[in-house]
Amino acid sequence: MLITCPYCGPRDVIEFTYQGDGNRERPQPASQNLDAWNAYVYDRLNPAGDHNEIWQHSGGCRAHLRVVRNTVTHEILSTAFARGGHKTEGRS
Amino acid sequence: MSPRRTETGGRIDRLRTIRFTFDGAPYTGHAGDTLASALLANGVTLFGRSFKYHRPRGLLAAGVEEPNALVTVLRGEVREPNIAATMVEIYDGLVAVSQNRTPSLAWDIGALNQLGGKILSAGFYYKTFMGPVVGPLKGTRFWMFCEHFIRRAAGLGKAGTAHDPARYERMNAFCDVLVVGSGPAGLMAAKAAADQGARVILADLEANFGGSANWSGETIDGMHAADWAQRAVGQLEGNDNVRLLPRTTVWGYYDGNTLAALERVTDHKEVAAKGEPRQRYWAIRAGTVVLATGSFERPLVFPGNDRPGVMLAHAAERYAVEYGVLPGQRIALFTNNDSAYRSAVALKKAGAAVVAIIDVRADVSNEMRRLASDAEAELLAGHAVVATEGGKALTGLKVQRFDATGGALSGDERSIHADSLLMSGGWSPTIHLASQVGAKAEWDPARQAFLPPKPTQRRPNQQWIGAGAFTGSFSTAEAIAEGRAAGLQAAGGAASSAPLPVVEAAPGDPDPAPVFEIKAKGKSFVDFQHDVTAEDVRLAHREGFVSVEHLKRYTTLGMATDQGKNSNVPGLAIMAEALGKPIPEVGTTRFRPPYTAVSIGSLAAERFGDLKPERLTPMHDWHLANGARMYSAGLWYRPMIYGLAGETVEQTYVREARATRDSAGIVDVSTLGKIAVQGPDAAEFLDRVYTNMFSTLAVGKARYGLMLREDGLAFDDGTTWRLGEQDFLMTTTTANAGKVMQHLEYFLDVIWPELKVTVTSVTDEWAGAAIGGPNARAILASCVTGTAVDNAILPFMGIVHGRIAGVPVMICRLSFSGEMAFEVYSGAGYGTRVWEALIEAGKPFGLVTYGLEALGTMRIEKGHVTGAEIDGRTTARDLHLDWMLSKKKPFIGSAMMDREGLIGSDRLELVGVIALDNRALNGGGHIVEELDEANPHDSLGHITACCYSPALGKYIALALVEGGKARHGTRAFVSDPLRNRFGPVEIVSNHFFDPDGSRMHG
């Protein structure tokens, strides 16, 4: 599997660390809504298909990426910096 | 020359004689021979004993699919079992032995298993290994006792235990087009793609490129097909953009068009050339893959089809044409299709007598009848073989009239005298690689075979194009056309209308009769290697195993080293018949990597021995030179003790700890994780990350901090120093340095990108020494310049900058040992210089160096927590760190830490434990309430760390115990049945020593 890092270009998956489901929304820091916190900490989408994920290029530039990956075909549909900007569309 | 060897022909070099041994007997062969062809030429027919019944077995095939002739190859002390003799190229001095026989191949005591054939049926293990009561061994335990002997009786080669001295190599390769298989289709594809300028890799698992061209006897462009193939290879060889990989099995096809291949570099050589590895593992990233992997001929299933002398028709043709060896003198063929007729003619040409062609089909075309008469063979159309005769070699066979549509036998049996019976049950494309990447094979009723879905697959992660027999196009002319088209397409070229090489080949219809099995009395084998018979398949069906996946596991059909290369389709066909369903409805199993067995050595390649990098502190050499016994902590090596002659470990750490509390001790703390947290929002960031406040910390001061995970459990602790308004130095525990770094990066990058903060790992930039004890300040004062270290200038948790031995240092007054203590940090390159200066300055005071054991002892005495207590299950409250939970701000984990279950009174809390019997305690020992050594029950918790405390003169421990503080002053027992330790303990506060901290505050 190749993941295209916006900094480093297409790199083998062994350079990356999976950092979880990218759909999770962290409640506001002061929020006391336990249901929302529970959902954030424990609930994970597990789709058979396109999935929004966070990966860190831990063996490279260490940037966190938002990656859309098809969990069935392992196709990478897009990668972008998690902090925003530099989205790379297209298949790899 | 042996009688089996033909006078001319083949690719062997008759002028070069090679000597080797098989089962200790010397043999000769020629350069170019495989072990199979050389032994066959020597008249050997018996190659192995079958897995379960120990039946004698000969060669079935000539290539990678061989199920019977598995041998163990010995190189010195190193043995490599289960290698197909058909894939072993002989070299001078080759030593090979047969397998699964006692005492010898010819006289195998295990053959008695044949008498018990009814018992050793499908599901033998499942049915047998539960059962009766035999003496003291009840039920399944009795069978577990027997299993050892049964497993020894059934099996293949034995793995060796000797160290493998061979070198293995790993290579990464990139290409535009990878062509797998070098038959006419593969050669055309490689040539077409190379001519387009594409970077091409051509891989073939055989030693010689050419595939079927090497033995088909056909003519291409007016020359022998084998010569045409050699010319094509010659044209490829000169190209810079082509890499040829013979003896290379592409065994795995993965996402992103990544393929794994094994190149057997020197297995065929007596001595490897300088620098050559034994095998090379290739990871190939290909733009497009051309699958030209050909097809396998299928056996027919009939009684006695496993007798030595019964062989696949094309294999016999290969032995005759490619190696110049006749499998027999009087040959009979048994077929359900046209391809065997060509084999008959080839064998006749090579000098054998072809006595009969037995064809299940009543209607045989005139063209085939002409080929039969060319071979001077009697044609028995509408007949089938119902039995074979002979012991360890075939002597004859019996045939009967056969109705191909109903499968009925009729008429009298007729005996035919023959020493070789060649069978052809049609052809199955080698679709393994395509199947590995998810291509679903489709049953083609005409070809009676599973074909790849389409000859191409263009998915984002897999781009392959099929060509030749792989697609079910079994003629060479089609292979050539498809190969060129595939090569052009893969290289992005336009289709060509240029004339193709002209093929002259024997005629033949590629479609076989749908006959897989002749039902007659006797064992008819489907899977030769695992001894699975047609009756086993039906038995599995009768017992309710209807899914093909269950069938496979229950009967072990297709689960041997050959992974069903011969048996898959016949097994499915028999299952389909039993189910009364058409074959496509029964379905097929998906092939998984590896295609053939892969040596572990090649996967490990250079990565063997100790795979982990070693992290050494700047003072590492000093420690070694001064008697430290090192201890590995994660990747780090740290001094455990600095033992004196004759001291035990306990004596050493007790001495070190006592000396530190009496005067002073120094320890290397360079391994602590260190992270520079810098930027305008650094203080705000730390407030969010730590449970306590850091924005209020004054410049030049340090503070102890605690981090929680998102779920509210404790994560890590350490001190963080404020070096400037926007400049913090965070320290973490040694073990968690990487995790904390990743945690911080995640929050900065993903959750709070608006914070202007950078984090940098500076663990390796700093050397750290902690010096503590009543005389620590005096020692420092005597060697530090540029700053005072008294209480006014350097109060508890204060930071000063100065110099030691001319080296700039940063000193923070903080304590893990509970003594008046200082951490002295310097640039890593000067660590030893500063360390030695401190040692020198300490001499008048009796300063000792101490290791992890004494460090641990002093921290247990003080009741400080480490990773043993922050174990991912404990909360801040459990560890009595709730005073660090700020109520003025949210922080990571603050919302989740008060959940039900994390705040109950039944939680395990940190306590101290004192052994009342004055014996050592053990980590992991349980605390129980009742004095019941024989039956310890109701654990209250467990010990996390233990030591002998010189300060208390007692064996003490930290423990996580239910009730915690409420139990202080009560008695309980420690129970550690594994180490036979049971005894009374007192539960106390975790702060054993100097609980109000007067020593460190000074």
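These legends walk you through several close-up views of a predicted model.

**Figure 1. Chain A as a whole, a chain of 92 residues.** Let's begin with the overall layout. Chain A contains 1 helix and 7 strands. Read from the N terminus, its elements follow the order β-β-β-α-β-β-β-β. The C-alpha trace spans about 40 × 30 × 20 Å along its principal axes. How much of chain A counts as buried? The share is 40% of its residues. The accessible surface of chain A is about 4800 Å², and carbon and sulfur atoms make up 50% of that area. Chain A also carries 10 positive and 10 negative charges, whose mean positions lie 7 Å apart. As for contacts between residues at least 6 apart in sequence, 41% of those in chain A link residues at least 24 apart.

**Figure 2. A:M1, in the segment before strand 1 of chain A.** Is A:M1 buried or exposed? A:M1 has a relative accessibility of 16%, so it counts as buried, since the cut-off for buried is under 20%. Leaving out residues up to four places away in sequence, A:M1 touches neighbours from both chains, including A:W55, A:R69 and A:H74 in chain A and B:D255 and B:R285 in chain B. A:V13 is another residue that A:M1 touches. These two are 12 residues apart in sequence, yet their C-alpha atoms are 5.5 Å apart in space.

**Figure 3. Two residues with a positive phi, A:H74 and B:R247.** Take one loop from each chain here. A:H74 sits in the loop between strand 5 (64-70) and strand 6 (76-81) of chain A. Its phi is positive, about 65°, although A:H74 is not a glycine. With a relative accessible area of 26%, A:H74 is partly exposed. B:R247 belongs to the loop between strand 14 (242-245) and strand 15 (248-254) of chain B. The phi of B:R247 is also positive, near 55°, and this residue is not a glycine. B:R247 counts as buried, at 16% relative accessibility.

**Figure 4. A cis peptide bond between B:P593 and B:P594.** Look at the bond that joins these two prolines: omega is about 0°. Where is B:P594 found? B:P594 lies in the loop between helix 14 (583-586) and helix 15 (600-604) of chain B.

**Figure 5. Strand 37 of chain B, with buried residues pointing both ways.** In a regular strand, side chains alternate between the two faces of the sheet. In strand 37 (residues 665-668), B:G665 and B:V667 point one way, while B:I666 and B:D668 point the other way. All four are buried. Strand 37 pairs with strand 43 (residues 766-772) of chain B in the antiparallel sense, over 4 bridges. There, B:I666 stands opposite B:I771. Strand 37 also pairs with strand 48 (residues 848-849) of chain B, this time in the parallel sense over 2 bridges. The bridge partner of B:G665 in strand 48 is B:V848.

**Figure 6. Helix 18 of chain B, a mostly covered helix.** Of the 8 residues in helix 18 (residues 682-689), 7 are buried. Among them are B:F685, B:L686 and B:V689. Which elements cover these buried residues? The cover includes strand 38 (673-678), strand 39 (702-708), strand 40 (714-724) and helix 19 of chain B.

**Figure 7. Helix 19 of chain B, largely enclosed by the rest of the structure.** Because 12 of the 15 residues are buried, the helix is largely enclosed by the rest of the structure. The buried residues include B:V740, B:H743, B:E745, B:F747 and B:I751.

**Figure 8. Strand 52 of chain B and the strands it pairs with.** Strand 52 (residues 954-962) is mostly covered, with 7 of its 9 residues buried. Strand 49 (residues 908-915) of chain B pairs with strand 52 in the antiparallel sense over 7 bridges. One of the pairs joins B:E909 to its bridge partner B:V961. Strands 51 and 52 form a hairpin with 4 residues between them. In the turn, B:G953 has a positive phi of about 70°.

Technical notes:
Residues are numbered from 1 along each chain as its sequence is written. Chains are lettered from A and ligands numbered from 1 in the order in which they are written. This is a predicted model: local features need pLDDT of at least 70, side-chain atom pairs count only at pLDDT 80 or more; totals for chains, interfaces and linings use all residues. Side-chain values use heavy atoms; hydrogens and water are left out. Buried means under 20% relative accessible area, exposed over 50%, partly exposed in between (1.4 Å probe, protein chains only). Contact means heavy atoms within 4.5 Å. Accessible areas come from the Shrake-Rupley method with a 1.4 Å probe; for residues, only the protein chains shown count as cover. Lys and Arg count as positive and Asp and Glu as negative; His and the chain ends are not counted. The place of a charge is taken as NZ of Lys, CZ of Arg, CG of Asp or CD of Glu. Two strands pair if DSSP finds at least two bridges between them.
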